[in-house]
Amino acid sequence: MSPTLFRVRRPGRLAAEAVTLLVAAAVAFPLYWMVLSALKPAGEIQSTEPRPWTLSPSLDSFRRVFDQQEFGRYFLNSLIVAGTVVLASALIAFLAATAVTRFRFRFRTTLLVMFLVAQMVPVEALTIPLFFLMRDFGQLNTLGSLILPHLAFSLPFAIWMLRGFVKAVPEALEEQAQIDGASRTRFLWQILFPLVFPGLVATSVFSFISTWNDFLFAKSFLISDTSQSTLPMALLVFFKPDENDWGGIMAGSTVMTLPVLVFFVLVQRRLVSGLGGAVKD
Amino acid sequence: MTTPDTTSATLPAPRGRTRTTGRTPTPAPTRTVRRRTSAWTPWLYLLPALAVIGGLLVYPVYQLGLISFLEYTQAQVSGGEPTYFKGFGNYTALFTDPQFWQVLLATVLFAAACVVTTLAVGCALAVLLTRVRALPRLALMVAALGAWATPAVTGSTVWVFLFDPDFGPVNRLLGLGDFSWTYGRYSAFALVLLEVVWCSFPFVMVTVYAGIKAIPSEVLEAAALDGASQWRIWRSVMAPMLRPILVVVTIQSIIWDFKLFTQIYVMTNGGGIAGQNLVLNVYAYQKAFASSQYSLGSAIGVVMLLILLAVTLVYLRLLRRQGEEL
């Protein structure tokens, strides 16, 4: 029975594979075009007959980006902001997720609903009050004004997602550890934490991306001190009213996209299994 | 115009605050405490999270509501003029402004178009992934991960460049000459939609694909043997089993697409020619930071907050109907 099924399906499958490869090429094309344009010499970019290849790749655009615009510094700023948010939110969310899954206490359900509702708060709508909050605490034009809000916004989602992972660790394990004389702190960090780690990675992807991508807060809170600028803001410098520096924009975009791509490739297995674990729950 | 007591009742934050102060002194019930830990332990674990969320999420929401009822413009911010209570004045100004309704309508329609297209593309490709061998699957997965990983700002700049009237390859390919995509209202929205779908379909595709893989293959084989078409298998077998996942990705997409900012701002240069491509978020930003009408911007923020809150309530109800235990 199964051989016939196989034979019927085969031509269909080849067509499906052709379509898949075509779609993959189309999806990858913008990224290919970005890197290609970053490597094209100035004359070719300004050509009205754009070609999908270049015979004389040059690093001029990259050089321009790093020389003119202190891109290295902005890159570092972005890295500091995203890195701090990822580490801090992972730790804080791990503790909170443990609290709401491993303990029964009053207001537990209320808290969970609160975390769920908090996820839906449109962070962009809070730009105005946050602007005044940062101003009152003298945090405008500092990286802290980006770190703190992003920490607050990534936490509810991180807690919600980690919940499933903490729940999946059997209670018996905890009892066993208790019998073996492990303290709660020891259980938390030496047993639970490593087991939940894949979930933490999946969660971190989201907090990393949302922080790395941040444009609105950087635009609103880093108003005068450009040395505190982050990559998304720096990119806009190449947009000019008369003529955009497309080579610079594409080189800057490449620099900004590559770390996320690397991060994604590093964690993609865990990400897919993490998503599967979170939604299956 | 309005009495202060009715307005204070509509502010969301005081309720949250009383909840915070009211809960701490209450001891947890002892029935399920398995080991000899203090009733405070879970609160100790929760403390950092609650402090951050309370200070930077709950309090700003309260502030947002408050500012939306005040007169708060550049004069008040610089300290020259006193702030005063305006009641629903800002909302009246907003709701009588025809531009607000036009922007609201554009936001809802645009978000809906983005959500529907993203879900359709994501689900179709997820099904496609299950029907191909490992190599083409890997190719599409890698490409999708790349699109997913692309930051909103760079995705926006690249798509604008692809569709650039002078130097972009798309117009050459389609023979459109020097047609400017960002000039017309609908073509500009269409361009942004393409970018949004490009960077958000991977989440749907990967999640739905993971869900399909979790369906026992016997079920699908049985349906195929019974002569069900691919569409029929999807509609009658897979979709019902994938319902929880579909709910999650739909709600996430609604939330993301309703509050788009970066794509619109970067691709249409701050909301398009004469504000033809404004969505609520960009509109609020322009009102607050470009024209210093902070209270009006806050009122728009409150409207967004309420709409997303309604979406959240629907989500909670769906979750509860599925018997999800919190």
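Colleague: How many salt bridges are counted between domain 1 of chain A and domain 2 of chain A?

Modeller: This is a predicted model, in which local features need pLDDT of at least 70 and side-chain atom pairs count only at pLDDT 80 or more, while totals for chains, interfaces and linings use all residues. Residues are numbered from 1 along each chain as its sequence is written, chains are lettered from A and ligands numbered from 1 in the order in which they are written, and side-chain values use heavy atoms, with hydrogens and water left out. Domain 1 spans 12-57 and domain 2 spans 70-275 of chain A, the bounds coming from an automatic or database domain assignment. With a salt bridge taken as a side-chain nitrogen of Lys or Arg within 4 Å of a carboxyl oxygen of Asp or Glu, the count between these two domains is 0.

Colleague: Which three residues supply 61% of the area that domain 1 of chain A buries against domain 2 of chain A?

Modeller: The C-alpha centres of the two domains of chain A lie 32 Å apart. Buried area is the accessible area (1.4 Å probe) that two parts lose on being put together, summed over both, and between these domains it is about 600 Å², with 76% from carbon and sulfur atoms. On the side of domain 1, more of the area comes from these three than from any other three residues: Met34(A), Ala38(A) and Gln46(A).

Colleague: How many residues from chain A does the contact between chain B and chain A take?

Modeller: The area buried between chain B and chain A is about 9500 Å², and carbon and sulfur atoms give 77% of it. Contact means heavy atoms within 4.5 Å. By that criterion chain B contributes 99 residues, and chain A contributes 114 residues.

Colleague: Which side chains meet in a salt bridge of 2.8 Å, N to O?

Modeller: The count between chain B and chain A is 1 salt bridge. The pair joins a glutamate of chain A to an arginine of chain B, namely Glu17(A) and Arg133(B).

Colleague: Which helix gives the largest share of the side of chain B that touches chain A?

Modeller: Helices are DSSP runs of H or I with at least four residues, and strands are runs of E with at least two, numbered from the N terminus. The largest share is 19 residues, and they come from helix 3 (residues 41-67) of chain B.

Colleague: Why is helix 14 of chain B described as largely enclosed by the rest of the structure?

Modeller: Buried means under 20% relative accessible area, exposed over 50%, and partly exposed in between (1.4 Å probe, protein chains only). Among the buried residues of helix 14 of chain B are Tyr283(B), Lys287(B) and Phe289(B). Helix 14 (residues 280-290) is largely enclosed because its buried residues number 9 of the 11.

Colleague: Which residue just after helix 14 of chain B takes a positive phi?

Modeller: The phi angle in question is about 60°, and the residue is Ser292(B).

Colleague: Is Phe263(A) buried, partly exposed or exposed?

Modeller: Phe263(A) lies in helix 12 (residues 246-280) of chain A. Leaving aside neighbours within four places in sequence, Phe263(A) is in contact with Ser204(A), Val205(A) and Phe208(A). Its relative accessible area is 21%, so Phe263(A) is partly exposed.

Colleague: What percentage of the 326 residues in chain B do buried residues make up?

Modeller: The secondary structure of chain B comes to 15 helices and 2 strands. Of the residues in this chain, the buried ones make up 54%.
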